[in-house]
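Welcome! Here is a short tour for anyone meeting this structure for the first time.

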Amino acid sequence: TLDFHPTGRHFLQIPGPSPVPDRILRAMSLPTIDHRGPEFGALGLKVLAGIRQIFQTRHPVVIYPASGTGAWEAALANTLSPGDSVLMFETGHFASLWNRMATRLGLKPEFLGLPGAEGWRHGVQAGMIEERLKADTQHAIKAVCVVHNETSTGVTSDIAAVRRAIDAAKHPALLLVDTISGLASADYRHDEWGVDVTVSGSQKGLMLPPGISFNAVSPKALEASRTARLPKAFWAWDEIIEMNQTGYWPYTPNTNLLYGLNEACDMLLSQGLDTVFARHRRWGEGVRAAVRAWGLEIQCADPALYSPVLTGVMMPEGVDADAVRKIVYERFDCSLGTGLGKVRGRMFRIGHLGDCNDLTLMAALAGCEMGFRLAGVKLAGSGVQAAMDYFAGHPASLDLRR
Ligand code: PLP
């Protein structure tokens, strides 16, 4: 609970759900229409075309009225059969949850990873995947499943390198990728990177509330779905893709979230995806400048893989990250992301995805700095000053040239 009656806006700086812009909130407040009528069909066709551009694919993107977890299940249920082996890579909490889901669905996941705490500070090791696939001479492994932007750590993974590893091993496994938190903040290319199923969700870079999620589907994945034998009914791609041809769904779709998605696609595509990706990289730089100035460690240990979506901030030994978060929430009305799974209490997360600007991030950083001081955390210097210097010294337009 807050120790005052909050005024102004709450600062929602968790790595999703992200703040929903007024323009999208207004679009979603329109009356719900007949989902079998002509007006809806036109909306359906427009959002299906728009979302394909965001995934950078020419192939179908299936939209589910479900959270990201549902789209995870859809990716597995459509492409695999009971007892199939799948290769997964432990990059953090979300990779672990997808792995657990695979077991619960009756698959046999093999979980590769770096030893100890290191795995949660690095990305997918494509070399380890290549080596494992080369050893699988019988082609028992049917899919490789990896997380593109590990939301629990703030580490991205090189998906094109994973594709190259599968190809170098001359292995027919499908490539399934979770970019639930990466899409529309971090560069992501479904077709170019040779991904078979990409899973994403609405409540992150797309700036929508939670409630819809996605499967982008390659022709090879679609082919696999015709013979895959895991039970699938609600998640089955075939009927949905068929009805999507005319802009409709086989069930009642999430009409008002689709109004929002339509608005989000208009906003993102009119700005241009490169502009969008550049601004998140820049915000990530500014936030990391603050973390370094505080003298704290960034959870991601590989600078080439810093997430443009969020930054994980590690606490010094003996400091409870959740105690700091609690102070920042109660005193300054700002939500920061908790440490999940193995790193609970050891770190917290600052989101720089979706609808931010320099000053919302400065507010979050000021909240952190005040929270650290109130919690008695010894800081090396002012992160707020370092971030102000970075943002003032690096106009957003310059970042586009990278
Ligand atoms: N995968 C990743 C990378 C996520 O960040 C999340 C949610 O934060 C999920 C999966 C699960 O999605 P949802 O909570 O929408 O079911």
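## The annotated stretch

Over residues 49-289 the chain is 41% helix and 17% strand, with 38 Å between the end C-alpha atoms. Helices (H or I, at least four residues) and strands (E, at least two) are DSSP runs, numbered from the N terminus. UniProt, in an unreviewed entry, lists residues 49-289 as "domain: Aminotransferase class V"; its positions follow the numbering used here, feature names are shortened, and annotations may be inferred rather than shown by experiment.

## How the model was made

This is a predicted model: local features need pLDDT of at least 70, side-chain atom pairs count only at pLDDT 80 or more, and totals for chains, interfaces and linings use all residues. Residues are numbered from 1 along each chain as its sequence is written.

The chain has a mean pLDDT (the predictor's confidence in each residue, from 0 to 100) of 97, and 98% of its residues reach 70 or more. For the complex, the predictor gives an ipTM of 0.99 and a pTM of 0.97.

## Two domains

The domain assignment gives domain 1 (11-19 + 272-392) and domain 2 (23-270); such bounds come from an automatic or database domain assignment. Their centres, taken over C-alpha atoms, are separated by 27 Å.

In all, 27 residues of domain 1 are in contact (C-beta atoms, placed from the backbone, within 7 Å) with 27 residues of domain 2. On the domain 1 side, α10 (273-294) and β12 (310-314) are the elements that give two or more residues, and α10 provides the largest share, four residues.

Technical notes
Two residues are in contact if their C-beta atoms, placed from the backbone, lie within 7 Å.
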